[in-house]
Amino acid sequence: MSEFFHAPSLISRKREGEEIDGGEIRRLIERFTSGNVTDAQMSAFAMAVYFRGMTAAETAALTYAMLESGERFVFPGEHPPIVDKHSTGGIGDKVSLILAPLVACCDCWIPMVSGRGLGITGGTLDKLESIPGFRVNLTIEQAMRQLEQIQVVMMGQTEQFCPADKKLYALRDVTGTVPSIPLITASIMSKKLAESLDRLVLDVKYGSGAFMKTREQAIVLADAMVAVGVEMGVEVSTELNSMQEPLGHAVGNVLEVIESIKIMQGGGPKDLLALVLSQAEKITKISQNQLLAKIQSGQVLEKFETIVLRQGGDPRKLFSLADQHRAAVIREVRSESPGTVTAFDAGIVGQSALELGAGRSRASDPVDFAVGFDRLIKKGVCIERGDLIARIHAQSESAADRAEQQLRQALVLG
Ligand code: URA
């Protein structure tokens with residue numbers, strides 16, 4: 001006889017703050033994955049969790065239920081260290097695009113499963129898809145073959161791999177239910193545990209452009225994720241990184257790929273490079289100097305080109321991405337007064353990029369790869385009246401007008 005399950009009652013109980021039993025959470029996720037719990041019901045459940053939170057036992061049950069919604073990577077007995085990183089989400093955070101090929105040059109395997117844009121933050125999958133032809137929907141068999149051959153794969157959740165997160169992630173993005181510690185923990189850790197990792201580094205962001213607004217909240221989130229990872233035998237390290245200003249100088253899908261390529265060519269912004277090196281060091285156990293030498297030798301860019309080729313793209317097009325995704329309006333924004341940049345609010349910049357079309361307001365929305373910002377000025381820089389503070393890439397003059405207003409509001413001069 002099948003067990004009685006009534007989604008509306010379970011949602012109401014969570015809404016009232018009741019602790020939900022692990023078995024019920026598993027049945028909820030099973031039924032959601034198979035389509036027997038509707039998107040509306042799951043969104044309501046997510047909102048109840050957002051307001052009521054979850055106990056450690058509920059969070060663990062949700063993570064395992066989401067992990068078990070699909071298959072896991074199974075590696076041969078003898079294999080190099082299996083490693084990965086994941087960020088809790090930020091503005092201009094393109095670390096994964098550089099770190100994955102870098103780590104693959106270090107005798108490790110990196111089966112990187114990422115997500116799309118979430119809330120005001122960008123997503124690795126959307127950025128990768130701005131490379132014409134790039135496919136992120138791989139089967140586990142295809143991913144395994146690629147790992148064996150080139151030590152790295154960059155893919156998304158699929159019907160086969162973390163299907164519960166694939167569905168819930170898309171719902172949370174458009175229902176205001178992202179900034180919840182248990183939901184973020186289950187989303188990230190279900191993907192990372194399904195990768196059967198030996199080592200994981202988590203980049204936990206805090207500040208206006210992150211889901212955790214304070215360092216204290218970020219510590220709670222980090223602890224929740226570490227607890228789940230350690231229980232499953234994964235060596236987990238964490239970094240707490242401020243997301244008060246955008247990372248690097250670019251925000252927006254193709255603009256971030258272009259900036260990542262600059263790093264792989266040996267240039268690019270220092271704050272971005274620093275995060276890539278410190279996170280790669282934690283999982284490869286190779287010194288930052290040696291990692292930097294690998295980037296400077298050109299082998300990391302070569303590995304990235306190999307990934308692009310293997311996953312359906314044309315590496316020759318990587319160097320003309322700006323022409324392939326050119327926004328209708330590219331506007332320079334110049335400072336109206338002199339001063340030193342004391343803040344460039346990442347939350348406002350992220351919201352503005354979303355409104356330009358870099359993110360979604362419905363799960364089915366496409367993203368606009370071309371829009372966003374580049375040449376964003378950094379904190380601490382001294383400027384004169386008339387100096388460039390950013391370039392806006394927009395599809396209309398009116399969209400550029402609104403973005404310009406938002407940028408001016410985000411920038412604080414001292
Ligand atoms: N990254 C994820 O994969 N999930 C979240 O909920 C937040 C960041």
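In which loop is Glu-384 found? Glu-384 is in the loop between β9 and β10 (388–394); helices (H or I, at least four residues) and strands (E, at least two) are DSSP runs, numbered from the N terminus.

## Basis of the model

This is a predicted model, in which local features need pLDDT of at least 70 and side-chain atom pairs count only at pLDDT 80 or more, while totals for chains, interfaces and linings use all residues. Residues are numbered from 1 along each chain as its sequence is written, and side-chain values use heavy atoms, with hydrogens and water left out.

## Surroundings of the ligand

The ligand is surrounded by His-86, Ser-87, Thr-88, Leu-118, Tyr-169, Arg-172, Ile-184, Ser-187, Ile-188 and Lys-191; a residue is near a molecule if one of its heavy atoms lies within 4 Å of it. By class, this shell consists of four nonpolar, four polar and two charged residues. Here Ala, Val, Leu, Ile, Met, Phe, Trp, Tyr, Cys and Pro count as nonpolar, Asp, Glu, Lys and Arg as charged, and the others, Gly among them, as polar.

The ligand sits in the largest cavity. A cavity is a set of points, on a 1 Å grid over the protein atoms alone, where a 1.4 Å probe fits but cannot get out, and a molecule sits in one if more than half of its atoms lie within 2 Å of its grid points. Two or more residues of the shell come from each of β1 (83–87), α8 (163–173) and α9 (181–194). Helix α9 gives the most, with four residues.

The side chain of Lys-191 has an N or O atom 2.6 Å from an oxygen atom of the ligand. For His-86, a side-chain N or O atom is 3.0 Å from an oxygen atom of the ligand. A nitrogen atom of the ligand lies 2.7 Å from a polar side-chain atom of Ser-187.

The protein buries 97% of the 240 Å² that the ligand exposes when taken alone; accessible areas come from the Shrake-Rupley method with a 1.4 Å probe, and for residues only the protein chains shown count as cover.

## Residues in loops

For a residue, buried means under 20% relative accessible area, exposed over 50%, and partly exposed in between (1.4 Å probe, protein chains only). Glu-384 counts as exposed because its relative accessibility is 52%.

Asp-107 has a positive phi of about 60° although it is not a glycine. Asp-107 is exposed, at 68% relative accessibility, whereas Trp-109 is buried, at 8%. Trp-109 and Glu-148 are 39 residues apart in sequence, with 8.2 Å between their C-alpha atoms. Arg-375, in the loop between β8 (372–374) and β9 (382–383), is another residue other than glycine with a positive phi, near 55°. Arg-375 is partly exposed, with a relative accessible area of 43%.

## A buried residue in a helix

Asp-165 lies in helix α8. Asp-165 counts as buried because its relative accessible area is 1%. The side chains of Asp-165 and Gln-157 are joined by a polar contact of 2.8 Å.

Note on methods:
Polar contact = N/O pair within 3.5 Å; in protein donor to acceptor, adjacent residues only side chain to side chain. 1 Å grid on protein atoms, 1.4 Å probe; cavity = no way out; pocket = protein on both sides within 12 Å on 5 of 7 lines; lining within 4 Å.
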